[in-house]
Every structure is written in structure tokens, then in C-alpha cells.
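Student: I'd like to go through this model with you. Could we take it one question at a time?

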Amino acid sequence: MRYGENPHQRAALYVTPGSTAGLANAEQLSGKEMSYNNYVDADAAWRAAYDFSDPCVAIIKHANPCGIAVGADIREAHRKAHACDPVSAYGGVIATNAPVSVAMAEQLADIFTEVIVAPSFDEDALALLTKKKNLRLLVASPRSNRPSVESRSVSGGRLLQTADLIDAPGDDPANWTLVAGPAVDDVTMSDLAFAWRAVRAAKSNAIVLAADRATVGVGMGQVNRVDSCRLAVSRAGERAASSVAASDAFFPFADGPQVLIDAGVRAIVEPGGSIRDEDVIAAANAANVDALLHRHPPLRH
């Protein structure tokens, strides 16, 4: 590649022998040469989009989501995802889990986008998007198999771990435990399930606010969870009221949930497992939130 994460770094792309899926095997249909950062963001977007079975669009910037949404069709999913944070979506990378339609392509006419990766593009959509000479269009096959192991370099060696997959038993809402508030209705549970899947795409500490199966506020990458809560609420603005929230790890104190509760968040799902779980549960009960649910078994970070 021309360079790596920064201009002074060299970079190259290697393909796993025998692999036919994934971003490394994507076919580029149009646009400038892919960069190192383009591949990092496109892979994050591609993974996020395929965490859902309904038509989904994920918009990623610097490996974090600007917006994730599902819809009746891919146009609606893109509209909802972009509405989450239009400012951050500028210059972002988009992935879809369904073919890009001309209706979605028309929505992108005035939005600066670096990359779109999709399983395919409708003919009219391709004709429209290829007019943008710098826009990179990639076709990547849907995931047929998933790697069982992930790795990363550290000084003097490599770290290995089992892959972070979204379909563990604890990710099924049927296995969650209601620890505060009354049982929620099907619509709220659907939003909570969406938020739990979407929060996997954000860097920890991660908080996702969602409504109508779309992110409305994302707080990520902060060094404490309460700041992530504040960031998610700030980005959501008035949309935080009546949204639901997902936290990718337990709340160590009740201050994080209190930020969400004060903003009008009506239900929260989190892994649980903190030594102060009872403080968090008490705060939820005192505020009469609709529900606080724990993923089971709890995760420990």
C-alpha cells in the first residue's frame, strides 16, 4: 500500500491461504486504491453489518460506529444509521449486509464517503456511485465461516484469543435476567437486543443508545464508563429520552446508569458481575426504570 496507519509507515495486505471471504478477498469495482485505514474501517463495518440478519447498514469511522441500523430495506437502514451522527459520518466507511439499491445510492449523493462494502450493487446503483471517482466500492462475500481465533501483535510476541462472536448463548435475550423494573414489552426487548448486538462494534468502554432498532447515541473508547455514558447521551441529545441502552461491560458504580436514567433512558442491558451490582440495581429501582437486565452468564472485564 502507499503507506500504513500514518504516512511514515509502510504497509501491505496479505491474504490467508485458502480463504475466499472477508475484506482481504473483496473485489474492488471502482474508486481510488484502498489504504491501510480503509481496510481497518471496512472490516469493522462489514463485521458489524453481518451481526444482523435484517437489512443492516453500519457506518464506521476510525474503527468505531457513527451509526448502525436495521430497516425494512437497505435504504431505510442507511437513513436511520446516518441520522445517528451525520457529522461523524462525513468521510466514513459504510457496509451493508444486503445489495445496495439505487434508492440508497441516491441518499448518498451529497454525503462524502470513503468506502462502501456490500455483497453486491444493483446495476443502477453502481452506475450512480461510480460517478464519484474517489469513492471505493467493494464487493465482499457474506461470511460463510468465521475464524475461531483472533490475534494481535505485542512487543516480542502475539496474543491469541477465541473470536468475539455475537451468537454466544448469553447473547440470546431469552437467557437474560430481569434484575430491576417490570418485564418489558416486545418492542422494547427488540430495541435492547439490537443495542446489545450493536455495542459489540464499539470500542470499550462502550455504551449504545438505541430506538426503533437504530443507534441514536454512541459513547466509546473512554477510560471510564461514566464518560462513555455522558458521550452517548450528548450525541443523542433529545433522542436519549425513551431510548434503551446497552453497556458492553458491567457498571462498576451506579454513576454511569444514573447519567442514562437522568437523560430519560427507559431500559438498560449490561453484563453484570460487578461487586457493586446491588448499588446499580438500587439506582434503577429508585428511578423506576422500565427494566435493568443482566446478560447471563455475566462478563468480567
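Here is our conversation about confidence, helix packing, an aromatic pair and backbone geometry.

Student: Which strand has the lowest mean pLDDT among the elements of the protein chain?

Tutor: Good place to start, since this is a predicted model. The protein chain averages a pLDDT of 91, and 96% of the residues score at least 70. Among its elements, strand E10 (residues 207-211) has the highest mean, 98. The lowest mean, 80, belongs to strand E14 (residues 291-294).

Student: Are H7 and H8 roughly parallel or roughly antiparallel to each other?

Tutor: Helix H7 (residues 225-236) packs against helix H8 (residues 255-262) with the axes 8 Å apart and at an angle of about 15°. Angles under 35 degrees count as roughly parallel. H7 and H8 are therefore roughly parallel.

Student: How many residues of the contact of H7 with H8 are nonpolar?

Tutor: Let's see who takes part. From H7 come Val226, Cys229, Arg230 and Val233, and they meet Asp255, Gly256, Val259 and Leu260 of H8. Of the residues in this contact, 2 are charged, 1 is polar, and the nonpolar ones number 5.

Student: Why is the pair of tyrosine 90 and phenylalanine 112 counted as tilted?

Tutor: The structure holds 4 aromatic pairs. In the pair of tyrosine 90 and phenylalanine 112, the ring centres are 5.1 Å apart. Planes under 30 degrees apart count as stacked and over 60 as edge-to-face, with the rest tilted. This pair is tilted because its planes stand at 55°.

Student: Where does the aspartate with a positive phi lie?

Tutor: Most residues other than glycine have a negative phi, and most peptide bonds are trans. The bond from serine 204 to asparagine 205 is cis, with asparagine 205 in the loop between helix H6 (186-199) and E10. Aspartate 212 is not a glycine, yet has a positive phi of about 55°. Its place is the loop between E10 and strand E11 (214-219).

How values were computed:
Residues numbered from 1 in each chain as written. Predicted model: local features only at pLDDT ≥ 70, side-chain atom pairs only at ≥ 80, totals over all residues. Heavy atoms only, no water. Axes fitted to C-alpha atoms, helices over the stretch in contact; angles between N-to-C directions. Helix = DSSP H or I, 4+ residues; strand = E, 2+ residues; numbered from the N terminus. Parallel < 35°, antiparallel > 145°, perpendicular 65-115°, else oblique. Contact = heavy atoms within 4.5 Å. Nonpolar A, V, L, I, M, F, W, Y, C, P; charged D, E, K, R; others polar. pLDDT = per-residue confidence, 0-100. Phe/Tyr/Trp six-rings, centres within 6.5 Å; stacked < 30°, edge-to-face > 60°.
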